[in-house]
Amino acid sequence: MGNSIRINLGEKMKENINLYKFDELDSTNDYLRRNHKSYEEFDVISARVQTHGKARRQNDWISMDGMALFSFFLKERDNWEIEDYLKLPLIAGLAVIKGLRKIENLEYKFKWTNDVYVENMKLCGILMEKTEDVYITGIGININNMLPENLKSKAISLTQIKNKKYELDEVIKNIVSEFQTLCETLENGFWKDILKEINQINYLKGKKIELKLGNEVISGVAQNIDENGELQILMEKTDNRNPEIRSFSVGEVFEKIVYY
């Protein structure tokens, strides 16, 4: 897998964060799962390529040279409730968007629960996992890579939008710094302010969607993300039921989204 290169990301961050760069790893999340005790909170593991990148629901994550592929972890807090940790995927999504805005100010959107979109196509995926007493955040962003033909209708990269290259270390630095700040904001009791920002960039809001829950499929129009981090859906009217808004904490939104 190769040796890592350690880079200190500088004084602009709230704390100096170390970036450990690998040429190749199976998965940055899996690497931290195995080795997190050798690193400090918010140390970043990045890889040029991943041989077994991971996505949600045990899906494979396609890895290409030029992507920002990295993971870091947050230690359990004595004063946090389980509900606070459930908000971390949303915080990570907002951190990605706030960090990317410093690089390229585009109309980024957060797609509940773990994707970032731009121009109606996927730019970034996020995977949150817990092991022992740490929460690992894995992020993959299409930055300098060119998407293959079979993905061009679904995904996009910054370099395809703006026709220029970006410094991946700078992208990673911005995002981890924003994540730190948002965790502090959450810890200080300002979740409602964070949630307001998230709902302002809510990709699904107003779209007709289908949410898969096991063998059940829920149809309706996506609304806001509520205070618990759950997606509100205005359910379709049926013969036996009037329209109502229900909240869902889990589920897979079908890739095909029908616009009103």
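Me: Is lysine 87 buried or exposed?
Reply: Buried. In this predicted model, lysine 87 has a relative accessible area of 9%. That counts as buried because the cut-off is under 20%.

Me: Where does lysine 87 lie?
Reply: In the loop between helix H2 (82–85) and helix H3 (88–101).

Me: And what does lysine 87 touch, leaving out residues up to four places away in sequence?
Reply: Leu186, Trp191 and Glu227.

Me: New topic. Which residues have a positive phi without being glycine?
Reply: Phenylalanine 42 is one of them, with a phi of about 75°. Asparagine 163 is another, with phi near 55°. Most residues other than glycine have a negative phi.

Me: Where are phenylalanine 42 and asparagine 163 found?
Reply: Each is in a loop. Phenylalanine 42 sits between helix H1 (28–35) and strand S3 (44–50). Asparagine 163 sits between helix H4 (158–162) and helix H5 (168–187).

Me: Buried or exposed, for phenylalanine 42 and asparagine 163?
Reply: Phenylalanine 42 is buried, at 5% relative accessibility. Asparagine 163 is exposed, at 72%.

Me: What about the peptide bond from tryptophan 112 to threonine 113, cis or trans?
Reply: Cis, with omega near 5°. Most peptide bonds are trans. Threonine 113 is in the loop between strand S5 (109–111) and strand S6 (115–118).

Me: On to rings. How many aromatic pairs does the structure hold?
Reply: The structure holds 10. One of them joins phenylalanine 42 and phenylalanine 179. That pair is edge-to-face, 6.3 Å centre to centre, with 65° between the planes.

Me: Which parts of the chain does that pair link?
Reply: Distant ones. Phenylalanine 42 is in the loop between H1 and S3, and phenylalanine 179 is in helix H5, 137 residues apart. Phenylalanine 179 is buried too, at 1% relative accessibility.

Me: Where do tyrosine 117 and tyrosine 203 lie?
Reply: Tyrosine 117 is in strand S6, and tyrosine 203 is in the loop between helix H6 (191–200) and strand S9 (208–213). So the pair ties together parts 86 residues apart in sequence. Both tyrosines are buried.

Me: What lies over the face of tyrosine 203?
Reply: Lysine 207, at 4.3 Å from the ring centre. Elsewhere, arginine 77 lies over the face of tryptophan 80, at 5.8 Å from the ring centre.

Me: Last one. Which residues form one aromatic cluster?
Reply: Tyr20, Phe22, Tyr31 and Tyr39.

Technical notes: Residues numbered from 1 in each chain as written. Predicted model: local features only at pLDDT ≥ 70, side-chain atom pairs only at ≥ 80, totals over all residues. Heavy atoms only, no water. Helix = DSSP H or I, 4+ residues; strand = E, 2+ residues; numbered from the N terminus. Buried < 20%, exposed > 50% of the residue type's maximum accessible area, 1.4 Å probe, protein only. Contact = heavy atoms within 4.5 Å. Phe/Tyr/Trp six-rings, centres within 6.5 Å; stacked < 30°, edge-to-face > 60°. Lys NZ or Arg CZ within 6 Å of the ring centre and 35° of its normal.
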